[in-house]
Amino acid sequence: MGREILILSLDTATLGGSVCLTRGEEVVASIIGDAGVSHSNTLLRDINQILKTAGVTLNDVELFAAAAGPGSFTGLRIGLATVKAFAMTLSRPCSGIPTLQAIAHSCGPSNVVVAAQPAGRGEVFAQLLSVSSDGIVKELDTPSHVSPKAMIEKYGARNDLKWAGEGARLYRDKIRDAAHERTIEFRDEPVNSAGDGRGWVLAGREANLAKEIAALALQRWQCGERGAPDSLRAIYVRPSDAELKQQCQ
């Protein structure tokens, strides 16, 4: 076990998002955001609040971590810029954690999990991953930007899938209907349920994704990774609206 470092982690890739302060694997304080309010209006306030609750200062934080995407373009920029600024100012390491890996990690151990995040315009970011019994996330393919139908067709040949993330819950009925068409059992399960590996399972919602980001950042720390602020990069998967508009001109 590595020593119990203090980690401040941010999820600004999802609506609402979350902020979490952990000491090692223990959650010291956290705040779940409001999906109806912009991260730019609440992030610094929420950070100040959890530091105050924990009785520590920003200078006590030893590692900063943030969701690196895919997700909201604006949200990603806010979260990564905040972490980068903190890390640079305090000469601390930082870590950018792929959003879909954090979503997969929230489900607990699984041989195969489809992590899906809404991408707007009725589409999703999706990726196939696995999570070991000790929480190690492995990518089984690369993130893609697809329609829900294409996502189901891409992964629907398997009869032992766990579906996770807001992108899966948003299209729960489509996934359920596709399972029934394939004569595959479909069921809902709570967060971190081990399950039995049969059928298609819709994992419960983990609102505090920042907690999962902290856990994955801790894994990297324990493996000797010390990310520098200039190494932080957003994972976009698809072009921004501005880029798409420019391509059409």
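The count of salt bridges in this predicted model comes to 14, where a salt bridge is a side-chain nitrogen of Lys or Arg within 4 Å of a carboxyl oxygen of Asp or Glu. Because the model is predicted, local features need pLDDT of at least 70 and side-chain atom pairs count only at pLDDT 80 or more, while totals for chains, interfaces and linings use all residues. Residues are numbered from 1 along each chain as its sequence is written, and side-chain values use heavy atoms, with hydrogens and water left out.

| Salt bridge | Distance, N to O |
|---|---|
| Arg205 and Glu166 | 2.5 Å |
| Arg172 and Asp188 | 2.7 Å |
| Lys211 and Glu212 | 2.8 Å |

In the pair of Arg205 and Glu166 the closest N and O atoms are 2.5 Å apart. Arg205 lies in the loop between β12 (200-202) and α7, and Glu166 in helix α5, so this pair ties together parts that are 39 residues apart in sequence. Helices (H or I, at least four residues) and strands (E, at least two) are DSSP runs, numbered from the N terminus. Both partners can also be described by how much of their surface is accessible, with buried meaning under 20% relative accessible area, exposed over 50%, and partly exposed in between (1.4 Å probe, protein chains only). Arg205 counts as partly exposed because its relative accessibility is 46%, and Glu166 counts as partly exposed at 29%.

Arg172 forms a salt bridge with Asp188. Arg172 lies in helix α6 (residues 172-181) and Asp188 in strand β11 (residues 186-188), so the pair ties together parts that are 16 residues apart in sequence. Arg172 is partly exposed, with a relative accessible area of 25%, and Asp188 is partly exposed as well, with 44%. Salt bridges that share partners join Arg172, Asp173, Arg176, Asp177 and Asp188 into one network.

Helix α7 (residues 209-222) has 14 residues and reaches 20 Å from its first C-alpha to its last, close to the 20 Å expected when the span is taken as 1.5 Å times one less than the number of residues. The helix is mostly covered, since ten of its 14 residues are buried, among them Leu209, Ile213, Leu216 and Trp221. Elements that cover these buried residues include β1 (6-11), β2 (18-23), β4 (63-69), β5 (94-98), α3 (99-105) and β8 (137-139), contact being defined as heavy atoms within 4.5 Å. Just after α7, Gly224 takes a positive phi of about 90°.

Gln219 has its place in helix α7 and counts as buried because its relative accessibility is 19%. Not counting residues up to four places away in sequence, Gln219 touches His105, Asp134, Gly135 and Ile136.

The spaces in the structure were found on a 1 Å grid over the protein atoms alone: a cavity is a set of points where a 1.4 Å probe fits but cannot get out, a pocket is an open set with protein on both sides within 12 Å along at least five of seven lines, and lining residues have an atom within 4 Å of a point. Grid points are joined across faces, edges and corners, and a volume is the space filled by probe spheres set on the points.

The largest pocket has a volume of about 590 Å³ and is lined by 36 residues, of which Ala13, Thr14, Leu15, Gly16 and Gln117 lie nearest its centre. The largest share of this lining, four residues, comes from α2.

About 300 Å³ of space lies in the second largest pocket. Of the 15 residues that line this second pocket, the closest to its centre are Glu25, His105, Ala215, Leu218 and Gln219, and α7 gives the most to the lining, with seven residues.

A search of the whole structure finds one cavity of 30 Å³ or more, and the largest cavity has a volume of about 50 Å³. The residues that line the largest cavity include Asp11, Gly16, His39 and Asp46, and the largest share of that lining, four residues, comes from α1.
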